[in-house]
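Hello,

Below is the structure I said I would hand over. My notes on it follow.

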Amino acid sequence: MKIAVSGKGGAGKSTVSAQLVRCFTLHETPVFAVDADPDANLGLVLGLDPDQVGNLRPLIELQEIIEEKNFGGGTFVDLNPNVDDVLENYTLRDGSLRFLKMGAIKQGGSACYCKENSFLNAVLTTMLLDRDEAVVLDMSAGIEHLTRGTARGIKLMLVVVEPTRAGLSTALNVDRLSKDLDIEQVLFVGNKIRSEEDRAYLESSLPPERFAGMIAFSEQVLERARRGEPLVSSKDDLLPGLEKIYDSICRR
Ligand SMILES: Nc1ncnc2c1ncn2[C@@H]1O[C@H](COP(=O)(O)OP(=O)(O)OP(=O)(O)O)[C@@H](O)[C@H]1O
Ligand SMILES: [Mg+2]
């Protein structure tokens, strides 16, 4: 299953991504957890070792590999270079999980970052289209790492949405961007639901059949975030509603 998770800043993308990744690992399913948000914190939410997460180099900074594989430059350009070694050497492992950081896409200015961007593209293409492992991409609302090519590999875009006007507006925007990229399926996940009013607000603002599920506001999640503790250590730590979302995703 290849899933991307997006939504407004602070909506709960990393929380939902981490919980889904843990659903996969609790079932011992091999999964790539990809921090594709430039302001990255998925590794910590997953409960990986903070030093190891800090020392892991984002792909965009692997200059020597980018040069060696001759991405997008030089006379002999390999359009589809093998990057399995990158997935081997620049990922953190924890059981059936492999964690990696993309780093911020480099844009504009006077410099051309074609090489860096084609390298990220090749790694994403490999994970999404060539490899069998599940993938969970924790993205920003901009979904800027995806191109039309890599988007073909995304089976499901999950848009995390809080019951606020601003959250809705971003969710609709991501929905539009995803459709422009021809992503097969876009579903919403309501998050931080505190009341029936919250639920009704979302269901009256977005098509109810397009919700993968709703997640209640949880004091426990917030408390763990305050203490910097991992979210999921065992099955009991999964948020109510999460397993239902996971099951419905896996059935699709
Ligand atoms: N269901 C929930 N109940 C309570 N708190 C939650 C819930 N979901 C997320 N949070 C809290 O909300 C904050 C933002 O969540 P998270 O980091 O997952 O969002 P994000 O969309 O990844 O944010 P960013 O845009 O900064 O990457 C965190 O402190 C998190 O613990
Ligand atoms: Mg995040």
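Of the 18 residues around ligand 1, the nearest are Gly12, Lys13, Ser14, Thr15 and Ala225 (a residue is near a molecule or strand if its C-beta atom, placed from the backbone, lies within 6 Å of it). Helix H1 (13-26), strand S7 (186-193) and helix H10 (219-227) each give two or more residues to this shell; helices (H or I, at least four residues) and strands (E, at least two) are DSSP runs, numbered from the N terminus. By class, the shell holds 6 nonpolar, 8 polar and 4 charged residues. Here Ala, Val, Leu, Ile, Met, Phe, Trp, Tyr, Cys and Pro count as nonpolar, Asp, Glu, Lys and Arg as charged, and the others, Gly among them, as polar.

Please keep in mind that this is a predicted model, in which local features need pLDDT of at least 70, side-chain atom pairs count only at pLDDT 80 or more, and totals for chains, interfaces and linings use all residues. Residues are numbered from 1 along each chain as its sequence is written, while chains are lettered from A and ligands numbered from 1 in the order in which they are written.

Next, the sheet. Its 8 strands form an open sheet with mixed pairing, in the order S3-S4-S2-S5-S1-S6-S7-S8; two strands pair if DSSP finds at least two bridges between them. Strand S3 (92-94) and strand S8 (211-216) are at the edges with a single partner strand each, so one side of each has no neighbour in the sheet. Strands S1 (residues 2-7) and S5 (residues 134-139) run parallel and are joined by 4 bridges. Ile3 has Val136 in S5 as its bridge partner.

Finally, two helices. The axes of H1 and helix H11 (residues 242-251) come within 10 Å and cross at roughly 65° (axes are lines fitted to C-alpha atoms, for helices over the stretch in contact, and angles run from 0 to 180 degrees between N-to-C directions). Gln19, Leu20 and Cys23 in H1 meet Leu242, Glu243 and Tyr246 in H11, contact being C-beta atoms, placed from the backbone, within 7 Å. That contact has 4 nonpolar, 1 polar and 1 charged residues.

Regards

Notes
Contact = placed C-beta atoms within 7 Å.
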